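Hello,

Here is the structure I promised to pass on. Have a look at it first, and my notes follow below.

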Amino acid sequence: MIEPSLALYGEAFERVEQHLDELLTATGVRYCLLVDRKGFVISHKEALWAPRPPALDSVATLIASNAAATGALASMLGERAFNEQIHQGENVTLYVEAAGDNALLGLIFDNSVPLGRVKVYTKKSLAQITDLLKVVQDAPAVKFDDEFASSAGALLDDLLG
Amino acid sequence: MSTINFAAREINCKIVYYGPGMSGKTTNLKHVFTKIPGHLRGEMVSLATEDERTLFFDFLPLDLGSVQGFKTRFHLYTVPGQVFYNASRKLILRGVDGIVFVADSAPNRLRANAESMRNLRENLIEHGIDVREVPMILQVNKRDLPDALPIEMIRAVVDPKQELMMFEAVADQGKGVFEALKAVSKMVLDRLSQPK
């Protein structure tokens, strides 16, 4: 079957947003984003002092692809997974951890933020976020009506001729 | 299945361009990028080698607009066609919602077309996906080549049962690019309103 998707809504979504907010405050990072393994943004938050946000779609896609490639490497080396990825540049660090099997939590911050602090708070939040995602995963699939297909078809005509 | 984010009211669909090396997958995406107005598309990300061969993937997000209150987006990917990049191809197929198979019309690429389709089926199976479950379009590219193979011959090796909707294309001139993308997008969206 085709890989199931994560449909995040209602209380679960609000609680995930709350956890991301708390992470921002506790760690001082610029951005945190929760993405699914397909590379779609599930939720994201940015700090007030963050500069113009990067293209989040692209960031999410690359985080997910990078995690997939790292996962393949782990498998080749006899590991089930490498759950943590850290990319440290001169000014910016990207820290990514797996949120269960279906999602990834990424944090972007500058060198004024200690990595150790980010790791400690991220691990705390991850346990709660992963639990929330497990609940959401069991929600029934959603179907749209026929009108959806016809409305979408009209938009496709507009976009692609 | 497409990712539906109710809270953000977004539907995201992943469409992958698959096919042998140099068949024109990246050219398809480049054409879409240059012709779609800037406010309806995101940045195009290309992870390519120095000689512009796709190393990992190309990526282009497209905004369709709002359907029944849901912002609907297509994320277009290409895979690297070269045989030795199969690990990358397999990764990109994860969570695919629709596929455009780009076949090459050059006579010396007939075998490569067949092998790429076989490789696609094998990689889908490894993801637990039956090829018949995924909306797929066959785009036969480079129809302007003077020695282009007859389209029936290409189809016979990649789609012998004639199950796929087929489009002839010259991607570097933009011919057949939007037609194929529109057809596969429509199939993906139709699935959202169809009971399983």
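Between them, chain B and chain A bury about 4,300 Å², 65% of it on carbon and sulfur atoms (buried area being the accessible area, with a 1.4 Å probe, that two parts lose on being put together, summed over both). Please keep in mind that this is a predicted model, where local features need pLDDT of at least 70, side-chain atom pairs count only at pLDDT 80 or more, and totals for chains, interfaces and linings use all residues. Residues are numbered from 1 along each chain as its sequence is written, chains are lettered from A and ligands numbered from 1 in the order in which they are written, and side-chain values use heavy atoms, leaving out hydrogens and water.

On the interface: 55 residues of chain B are in contact with 41 residues of chain A (heavy atoms within 4.5 Å). There are 3 salt bridges between the two chains (a side-chain nitrogen of Lys or Arg within 4 Å of a carboxyl oxygen of Asp or Glu). B:Lys182 forms a salt bridge with A:Asp157, with the closest N and O atoms 2.6 Å apart.

B:Asp159 counts as buried, at 2% relative accessibility (buried means under 20% relative accessible area, with a 1.4 Å probe and protein chains only). Its side chain reaches two backbone nitrogens, that of B:Glu163 at 3.0 Å and that of B:Leu164 at 3.0 Å. Leaving aside residues up to four places away in sequence, B:Asp159 touches B:Leu138 and B:Leu164.

Best wishes

Terms used
Buried means under 20% relative accessible area, exposed over 50%, partly exposed in between (1.4 Å probe, protein chains only). A polar contact is a pair of N or O atoms within 3.5 Å; within protein, one must be able to donate a hydrogen and the other to accept it, and residues adjacent in sequence count only if both atoms are side-chain atoms.
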